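Hello,

Here is the structure I promised to pass on to you. Have a look at it first, and then read on for my notes on what was found.

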Amino acid sequence: MKPVRHRRPTLRSVPALLATLGLLGIAAACGVPQDPAPRILDASVLPEELAVPVTTTTSTEAPVPRQTVLLYFVDGESLSRPIERELATPAGLPAALDALIAGPTEEEAGAGLTSVIPAETVVLGSDLANGVLQVNLAEGALEQIEGALQSLAIAQLVYTATELPGVDWLWVLIEGEPRALPTDQGDVEAPVGRVHYATLGPSGPGPGS
């Protein structure tokens with residue numbers, strides 16, 4: 001076995017070695033960090049040309065379908081002209097009656113419209129058959145309305161209900177039991193229509209007409 005000989009640096013290799021050491025010294029002097037191993041850089045420190053473009057998606061909700069219903073409030077001593085109200089579909093009778101019971105908006109009230117239907121009126125249910133709409137109200141709503149105002153309240157219900165498709169007559173029940181209702185022809189314990197409240201119908205143009 002031949003002995004391993006270590007080559008001594010020649011004069012030619014000395015300048016190259018010095019140049020390499022000089023570059024390392026410059027790099028250290030400039031503060032360039034030396035990582036012992038590869039690392040993952042945060043995207044926020046990357047130059048713009050190296051950053052991966054971020055795509056954002058925006059979701060738009062479909063508009064809620066609306067349905068226009070006609071409500072009758074009180075203008076003086078009779079019903080107002082029908083007031084258009086947009087409700088989320090399917091609106092139908094329950095939503096229309098709820099909107100009527102809620103009363104006029106501030107703008108409508110400012111125009112002189114009122115309602116004689118108590119705001120605490122509760123509709124327990126409704127059923128439509130052969131053009132007759134049965135509306136079942138909770139006890140205590142109509143009873144607190146006095147005198148001629150009760151006819152006006154029923155007229156509000158009748159005119160509003162008969163604006164809905166397929167409704168010709170309204171039969172008001174209290175806790176499931178029919179009650180005699182005041183009309184132009186006297187008390188009636190049966191379905192009633194606009195003909196029973198003709199004297200209270202809209203008499204002229206009004207707000208929302």
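Let me start with Glu-108, which lies in helix H3 (residues 106–110); helices are DSSP runs of H or I with at least four residues, strands are DSSP runs of E with at least two, and both are numbered from the N terminus. Before going further, please note that this is a predicted model, in which local features need pLDDT of at least 70 and side-chain atom pairs count only at pLDDT 80 or more, while totals for chains, interfaces and linings use all residues. Residues are numbered from 1 along each chain as its sequence is written, and side-chain values use heavy atoms, with hydrogens and water left out.

Glu-108 has a relative accessible area of 12% and is therefore buried (buried means under 20%, exposed over 50%, and partly exposed in between, with a 1.4 Å probe and protein chains only). Apart from neighbours within four places in sequence, Glu-108 is in contact (heavy atoms within 4.5 Å) with Phe-73, Ile-83, Arg-85 and Leu-113.

How many salt bridges does a search of the whole structure find? There are 3, where a salt bridge is a side-chain nitrogen of Lys or Arg within 4 Å of a carboxyl oxygen of Asp or Glu.

- Arg-85 and Glu-108 meet at 2.7 Å, N to O. This pair links strand S4 (residues 83–88) with helix H3, 23 residues apart. Arg-85 is buried too, at 16%.
- Glu-139 and Arg-179 meet at 3.1 Å, N to O. Glu-139 is in the loop between S6 and helix H4 (148–161), and Arg-179 is in the loop between S8 and strand S9 (181–183), 40 residues apart. Glu-139 is partly exposed at 45%, as is Arg-179 at 30%.
- Arg-194 and Glu-163 meet at 3.2 Å, N to O.

Next comes the sheet. Four strands form an open sheet in the order S5-S6-S7-S8, with mixed pairing. S5 and S8 stand at the edges with a single partner strand each, so one side of each has no neighbour in the sheet. Strands pair if DSSP finds at least two bridges between them; S5 and S6 are antiparallel over 6 bridges, and Gly-125 has Asn-136 in S6 as its bridge partner.

Finally, two loop residues. Most residues other than glycine have a negative phi. Asn-130, in the loop between S5 (123–129) and S6 (132–137), has a positive phi near 55° and is exposed at 81%. Glu-175, in the loop between S7 (169–174) and S8 (177–178), also has a positive phi, about 55°, and is partly exposed at 43%.

Best wishes
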